[in-house]
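Please keep the sequence and the model in view while reading.

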Amino acid sequence: MLLTITTTHQPATDLGFLLHKHPDRLQSVELAHGKAHIFYPEAGVERCTAALLLDIDPVSMVRGARNMGGDFALGHYVNDRPYVASSFMSVAITKAFSSALNGQCSKMPELAQQVLPLEAKVAVLPAPKGGEMLIRRLFEPLGYNVHLEPHVLDETVPGWGNSKYYTLTLSHTLRLQELLQHLYVLIPVLDNDKHYFVSQGEIDKLLEKGKGWLENHPEQEQIIRRYLLNLGSLARQAMERLADGQLEEEVEEDSPLEQRRQTLHQQRLEQVLEELKKSGAERVIDLGCGEGKLLRMLLKEKQFRQITGVDISIAELRKAKQRLHWDEMAPRQRERIELMQGALTYRDKRLAGYDAAAIVEVIEHLEPNRLKAFERTVFEFAKPKTVVLTTPNSEYNVKWETLEAGSMRHTDHRFEWTRQEFENWSTGVADRNGYRVRFSLVGPEEEEVGAPSQMAVFELVNHSEHVA
Ligand code: SAH
């Protein structure tokens, strides 16, 4: 059972500091049923690989084991445990790399917080029922590039086909802690023969390691259920606790400021709807749809034959379902609309093939260093013919009387742009991706500072000329 982690971050040997394991030494840690060895097959400045090799004793496991090997009597002694990555791997990760798993690095604390190009390879991974698709559905939404190589059952008898085992290679640019957390949770999710008794404490471990990514994972339910070994009530508790953590503070609905915001938002959505109608689009996608206000307006217009809402937040999508009265929707209406969880910063085939996209008050929620990934996802890969995008105008902030000048309107905003900044960015995006762009303001205009919100409408150049 072998896990390797490789980085090409330079100097690559920093991996030794991050893992708290010196590249020149072979080190071992004791596990309940064997040992884990940590060593570096390569340790150069350009590329460094750490290996975690598990040496499990199947016989020791039999003592005290309740259910090894199912009905198969010899299963106690002849089983795949020593070879496949299973929950043992998670235990070994916590033992061997505990600081890294907690995001700590005494020598280079800032490096532990940095995203690095990382590749993890799991030599033998079992894929239960869903097979390859299941593995992909677990890792791809987290942004990994997934490569799977099936193992044949028997090389001498090709006719028997493939076994349920794969070699999995994951590559991504992320923090080492995140990679370890993902492996810690998802390897046991794939392991049907989870060997230890699942206790309440397991929920805590799962939620701790899942923090920051499991809340928004599209396979959240399946991950939790499998991780907790299909123990219905424990899994339900875990899901409830995850959902609780997401409850947002309720806003004071009827304060004058809030009313003004709502009116502005309605105005903004109407303006977006007008542009979408004018574009002639039939298939539209609302990227970062939130609780689905625009989706509801789109549904009322017959012109839009297919409407898709995408958001990264499951909680928002749940609200959208409620707002749309999803469960009571007539079948013909429901056929027109689809909701899906997804990120706008990762290439995603499901986002392609639309006539128009709306992206309303979303970009300011992205980290500035993810804007390039967003641009590529939307304008290079999804490439709708029309993109209607809005964002706040920071110049107007002085006019929101209860806000101090210079502060942002929303705590979750990562940035807010002046009209010039928005124009510069949008013009660059249009030029780089073959669109033309025009701008308009949203909301009451004031001298000097403009209006509270701003809108850009991008049109794919080839398309409009083709049609003209
Ligand atoms: N468009 C909606 C919601 C705007 S709030 C409206 O105008 O009412 C911003 C929304 O973007 C939130 O629902 C948030 O969950 C979503 N979001 C933020 N970052 C995202 C990302 N990287 N991918 C997809 N959605 C994202």
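A contact here means heavy atoms within 4.5 Å. On that basis, residues 24 or more positions apart account for 70% of the contacts in the chain with a separation of 6 or more. The model is a predicted one, in which local features need pLDDT of at least 70 and side-chain atom pairs count only at pLDDT 80 or more, while totals for chains, interfaces and linings use all residues. Residues are numbered from 1 along each chain as its sequence is written, and side-chain values use heavy atoms, with hydrogens and water left out.

The secondary structure amounts to 17 helices and 14 strands, where helices (H or I, at least four residues) and strands (E, at least two) are DSSP runs numbered from the N terminus. Of the 468 residues in the chain, 50% are buried; buried means under 20% relative accessible area, exposed over 50%, and partly exposed in between, with a 1.4 Å probe and protein chains only. The chain has an accessible surface of about 23300 Å², and carbon and sulfur atoms contribute 49% of this surface. Such areas come from the Shrake-Rupley method with a 1.4 Å probe, and for residues only the protein chains shown count as cover.

Turning to the ligand, 16 residues surround it, the closest being H265, G288, D311, L344 and V360; a residue belongs to these surroundings if one of its heavy atoms lies within 4 Å of the ligand. By class, the shell consists of seven nonpolar, six polar and three charged residues, with Ala, Val, Leu, Ile, Met, Phe, Trp, Tyr, Cys and Pro taken as nonpolar, Asp, Glu, Lys and Arg as charged, and the others, Gly among them, as polar. Which distances separate backbone atoms of I312, L344 and V360 from nitrogen of the ligand? A backbone N or O atom of V360 is 2.9 Å from a ligand nitrogen atom, a polar backbone atom of L344 is 3.0 Å from a nitrogen atom of the ligand, and for a backbone N or O atom of I312 the distance to a ligand nitrogen is 3.3 Å. Of the 570 Å² of accessible area that the ligand has on its own, the protein covers 82%.

Strands β2 (residues 27-31) and β3 (residues 34-43) run antiparallel and are joined by five bridges; two strands pair if DSSP finds at least two bridges between them. The two strands form a hairpin with two residues between them, and V29 has A36 in β3 as its bridge partner.

In the loop between β1 (2-7) and α1 (14-19) lies P11, which is joined to Q10 by a cis peptide bond with omega of about -5 degrees. H325, in the loop between α13 (314-323) and α14 (331-336), has a positive phi of about 50 degrees although it is not a glycine, and at 47% relative accessibility H325 counts as partly exposed. K383, placed in the loop between α15 (371-382) and β12, likewise has a positive phi, near 45 degrees, in a residue other than glycine, and K383 is partly exposed with a relative accessible area of 33%.

How values were computed. Polar contact = N/O pair within 3.5 Å; in protein donor to acceptor, adjacent residues only side chain to side chain.
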